[in-house]
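Please look over the structure below before reading on. The report is written for someone who has not seen this structure before.

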Amino acid sequence: MEVLSLKVNGDTRCLAAAPQATLLEVLREELGLTGCKQGCDKGDCGACTVLLDGQPVLACLTLAALVQGREITTIEGLAPAHRRRCAESPCASKQDKLHPVQDAFDEAGALQCGFCQSGMILSATALLQRDDDPKRETIREALSGNLCRCTGYTQIIEAVERASDEHAGREHRPRAWEQPATEPAGEGES
Amino acid sequence: MLRLPPFELLRPSSLEEARSLLVEHGPGARPLAGGTDLLVNLKLGSTEAQTLVSLAAIPELCGIREEAGELVIGAMTPLAQVAASEVVRSRIPVLAQAASVVASPQLRAMGTLGGNLLLDTRCQWINQSHFWRAALGFCLKKDGSKCHVVEKGKRCVAAASNDTAPALLVLGARLVVLGAQERSMPLAELYSSDGAQHLTLAADELLVEVRVPLPEQSARSTQHSAYGKLRRRASIDFPLLGLAANLELDESKTVRAASLAAVALSAQPLSLPKVAAALLGVETSGAQLERAIVAAGALAQRRLKPLDNIPGDAWWRREMVPVLLGRTLRAALSDTGPVNGDPQ
Amino acid sequence: MAARDQHGPQAPWRGEFRVLTKPQRKVDGAAKATGEALFTDDLALPGMLYARTLRSPHAHARIRSIDTQAARALDGVHGVITGADLPQSYGVIPWTQDETALATDRVRFVGDEVAAVAAVDERTAEAACALIEVDFEVLPARLTPEEALANPEPAIHHNERRPGNISKHVKLEFGDVDGAAAQAAQVVEGDFSFHGTTHAAIEPHCALARPDADGRLTLWSATQITHYLHRALALVLGLAPEKIRVIQPCLGGAFGGKSDPFSLEFCAAKLALITGRPVKLLWTREEVFYAHRGRHPMQMHYRTSSDGEGHLTGVDARLLIDGGAYSSFGLVTTYYSGQLLTGPYDFPSYRFDATRVFTNKPPCGPKRGHGSVQPRFAFEVQLDELAERLQLDPIELRRRNLLGENTTTVNGQRITSNGFARCLDEVERASGWRERRGRLPRGHGLGVAGSMYISGTNYPVYPNDMPQGGVQLKLDRSGLVTLFTGANDIGQGSSTVLAGIVAEELGVEPEAVRVVAADTDLCPVDLGAYSSRVTFMVGNAAIDGARKLRRQVLAALAQEWEVAEEEILLAGGRAGLFNGDRDLPMREAFVLAETRFETLGATGSYNTPTLGGDYRGGTIGASPAYSFTAHVVEVRVDCETGVIRCEKVWIAHDCGRALNPVLVAGQMEGSAYMGIAEALFEHHTINSRGLHAGPSLLDYPLATSVDTPELAALIVESIDPEGPYGAKEAGEGPLHPSLPALANAVHDALGLRLRELPFTPGRVLRALRSQAEAGS
């Protein structure tokens, strides 16, 4: 066992861990940050995605001892950091509880079971950090290491677009089901 | 959840220290780069190590620089950085393309170029849990004596699955390796044909950097390269077949030099000089090109025989050899790589 | 039980919906977005032990003996159990209880559970498992249904009523099928096969058991059937049900894969009882593949007859179903494989002959679109062949055979609302079908298919006359309304739908409704999240309960204001009069109600009306309402590689009324995604050694964001007369047409008829080569 000093969501946390402890184990089992999920054991699903110095990585294949001194952001860190930023900057008018990407995911219905979402939201947040108006193709590519089994990705992509539109002050793009449909054919009416 | 077995973790801050730790700890010690392959294999028990020597804190292993007509890429440079590098993209695009299609965004941020070159060979009978392999009765890559791919096979045929290896092969890359002394060797010499022992490095040798000769840029000669990768999904997956092509054209658009390499076949990434030779002297602006591509494809198909080592349909992979070769060559000539499995 | 509480589509208030039919955020959306939501593996209790399972390395073997001495002696080990500790057999269907938590004398597939260990940590438990010595007598393994039928001994299960490794056989005939075929102008006949797929929810199964200080047992589990699990635990543990509390925390996806009671739940509970400490058992991803209960592989033979104009006259089906090692829901699967095909098309004669066979593989069960996705694939491809023969537009062929509304199917199922014709209109319009189909360049194609699915079934898995769905409601002077329901929110958003219904009925903001769900101590019984039953059944129960409270609130206000109840509007968290004369925060209205009626609470329940055909099995597949779906799929096929790229899916789904269109669209898109991925990528396959070919999320390839087509959800509303405000299901139906529509699109693209799933590039390329040879 070794005493590690990890900077997680802005806080420095000291804890004892074995050399083989992964960041996933430490976050979930030592720090109680259970928003970081375990889905596949070995780097195949992306549910354990966290940000390391702003970049999405897989906590299940990261040794905790090797990320000392780096900025680790988990899903639990997004909203508080957002609120801190809002408080610091007087021009921010909206001080929602949620980080804008989280808010967009919630609004767009991107959260079904929610199990892949913390990783997905972190991948999306990192994308929007480097490209605040990503094309659909770019969004798909940036999220292609995060498996979702519920949504078919559509509402997730819509959520990222919504966050981008919100950021730019644009109108939201209409979704397929919001387009006008044909007139009822008179069948099935009660 | 599947957890890592216990090991000792060492964190040298210099190359010399790393090497001496490897010497000190003997064959049970393994260098650890991005961890995206080694840690998975340790979790599964398909690899063992008593000591991991992390290379993460050695600054000189990371970075891309130009030096005397060569691009020098540190072994610990993340694949994402290689893929995004302006100089790599513009001067040796095949490498940027290959790096850009390895696994997924997260794994490219973690995985390194050196780690990809040293990636363990893969096979459907070895990339499984200890429970699974025990139920099978193990195989000759580890813990067993039988090959389940080739009946009565005595040599492991697990497949090289590293996308960047063929890219660097066609670029004529050399490796700088630190052992008792520093030495330099052509990339091809890194690999052996035994899937269970596929690297020629000694246990205490470290891959330090990759040196790629930068093509001359002149009006009289242009260089065109591309990487083609077949996989089931357009992300995450290892290659079912990977092909790299590098062509040098003279001012009349005639192929003056050609090199080709393939991966996901046998234990080694394979250079294909004889196939490449079929392209020499071909005028790429004319009808000759398509004939040459067909001829090269037929040659390649005779030479490359995918086995039932990695998951997937070996027949299909074999049929794909000429198709992927043709597409990769065309992408190279039109500078439109990488080629993926998307319908054309 | 007779029909009761038929609420119908009409709301009792004047004017528009204020909460329902609008996009509403999920009640647990923010908690999930912030990582605050707790899933089973996120729970940790003081003194908790960790358990692991020892599994069979043999596909079929007799257990001669088990020696656990060395495991028990290992430092840190607190409990070791084997089949002898949990000998009571169970199974989700009462008539086929052929599972035990741990093998008692036989193992039947590689991965079958043999022993479990609780220790201070997972590593120790794992090490202890390795010390358990099992003496196996290896038996021949049957890896295909044909092999199992040909070799009845040694039987996988001994069953005198059904020897020969037959798990279930159903043969039903309606009308004169052979006569129809004999007189038909067209008969299309052919073989189809479905390969087997699994749910692969991203959350692995996990259970946590705690022996409570008061002598009771609490089990948290990633289950979609809290109630059935509760019953099974009582049975297997030999405890009175009131001594057991089952709680489903947030659930990370299920799709039918968490609708059986599983070994880990019994093992965690038993180990907790033995050790006196909380025990958590989390399966690895590999173990989830062994738990399986995925979609059954099926070999299907169909013969479809029609007249010269394409009116169907008969359908004749023969199905061989590979069940794997245990029954699970197999009895129902076998019925569903035939019973759910009899719409959205009308045909006067039908026969199906389905046989489910035991094999030495992980057991199959219910996966999204239980039992009916495979037959639907075969039938809808065959309809495309029929259209081709008759030179009819495939949509036109389908229109000629519409079942229509308020009718009965050939097998006696009652059809009420039916928006299928509009589903066809929608996908035809949105996809540009008329302009584009048959006119795209070679390699590009459009295909259509339709389907119908149940909104719950009137068949609870154990027969009883109690309600199938129930809620309890509490409201008080705080202004908060609490809804207690046994319904399992598995990510589909059932709690959000129920909260929306309560908010609409009581006029409160959705945020003023708290849902307490899937806790057997606190919530009234609901049968669980399966068969797409929750919105329909529990939605009706919620209306029932909420209206009782609404009447009390209205009565109190009417008395206070001296007006008629009809003049009062409850909306947006305020009570007032329609004419605007009065206005009160709802909290104060609740105070008036609580003052007049004392402590406020209500129950609501739902039971289906009497449904189903009058024959053995006639109630299986009988639903109070059916949903309808049509898909158009657009593909691009690479003739050189055989790779199929699905470009877009237009999904038109008749969900009755979309109570929350965001959730409905999400279910439609998720369904279509899953269907397309099953057709192109996924294959749950056992290799020739009896080993799962790739029990990982790398080798079992779930489509990523870059593999998934554009999905266009087109919501069609038919306003069902019995659904809550007219709503029907949306979670399973929209999967069905994906696979045949894709196959039909490939035919449009290349003239290739694919009848064998999955459509791997190799398979497509071989077909292309054969086509070229045949053509030359």
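## The model

This is a predicted model. The sections below take up the interface of chain A with chain C, the domains of chain A and the domains of chain C.

## Where chain A meets chain C

The contact between the two chains involves 56 residues from chain A and 75 residues from chain C. The size of an interface is often given as the accessible area lost when the parts come together. For chain A and chain C the buried area is about 5200 Å², with 51% of it on carbon and sulfur atoms.

Nine salt bridges are counted between chain A and chain C. One of them joins C:Glu710 to A:Arg140, with the closest N and O atoms 2.9 Å apart. There are also 29 residue pairs in polar contact between chain A and chain C, counted where both residues have pLDDT 80 or more.

Helix 1 (23–30), helix 2 (75–88), helix 3 (100–108), helix 5 (136–142) and helix 6 (154–168) of chain A each give at least two residues to the side that touches chain C. Helix 3 of chain A supplies the largest share of that side, five residues. Sorted by class, the side of chain A that touches chain C holds 21 nonpolar, 17 polar and 18 charged residues.

## The domains of chain A

The domain assignment divides chain A into domain 1 (2–73) and domain 2 (75–168). The C-alpha centres of domain 1 and domain 2 of chain A are 21 Å apart. Where these two domains of chain A meet, 18 residues of domain 1 are in contact with 14 residues of domain 2.

Together, domain 1 and domain 2 of chain A bury about 1200 Å², and 60% of this is on carbon and sulfur atoms. The count of salt bridges between domain 1 and domain 2 of chain A is zero, while six residue pairs are in polar contact, both residues being at pLDDT 80 or more. On the side of domain 1 of chain A that touches domain 2, the largest share, three residues, comes from strand 3 (residues 49–52). By class, this side of domain 1 of chain A has seven nonpolar, nine polar and two charged residues.

## The domains of chain C

For chain C the domain assignment gives domain 1 (41–141 + 199–291), domain 2 (393–459 + 618–775) and domain 3 (467–606). The centres of domain 2 and domain 3 of chain C, taken over C-alpha atoms, are separated by 37 Å. Their contact draws on 22 residues from domain 2 of chain C and 19 residues from domain 3 of chain C.

The area buried between domain 2 and domain 3 of chain C is about 1400 Å², 62% of it on carbon and sulfur atoms. Within domain 2 of chain C, the residues that lose the most area to domain 3 are C:Leu663, C:Pro724 and C:Tyr725, together 35% of what that side buries.

Strand 18 (444–454) and helix 17 (661–680) of chain C are the elements that give two or more residues to the side of domain 2 that touches domain 3. That side of domain 2 of chain C has nine nonpolar, eight polar and five charged residues.

How values were computed: Residues are numbered from 1 along each chain as its sequence is written. Chains are lettered from A and ligands numbered from 1 in the order in which they are written. This is a predicted model: local features need pLDDT of at least 70, side-chain atom pairs count only at pLDDT 80 or more; totals for chains, interfaces and linings use all residues. Side-chain values use heavy atoms; hydrogens and water are left out. Contact means heavy atoms within 4.5 Å. Buried area is the accessible area (1.4 Å probe) that two parts lose on being put together, summed over both. A salt bridge is a side-chain nitrogen of Lys or Arg within 4 Å of a carboxyl oxygen of Asp or Glu. A polar contact is a pair of N or O atoms within 3.5 Å; within protein, one must be able to donate a hydrogen and the other to accept it, and residues adjacent in sequence count only if both atoms are side-chain atoms. Helices (H or I, at least four residues) and strands (E, at least two) are DSSP runs, numbered from the N terminus. Ala, Val, Leu, Ile, Met, Phe, Trp, Tyr, Cys and Pro count as nonpolar, Asp, Glu, Lys and Arg as charged, and the others, Gly among them, as polar. Domain bounds come from an automatic or database domain assignment.
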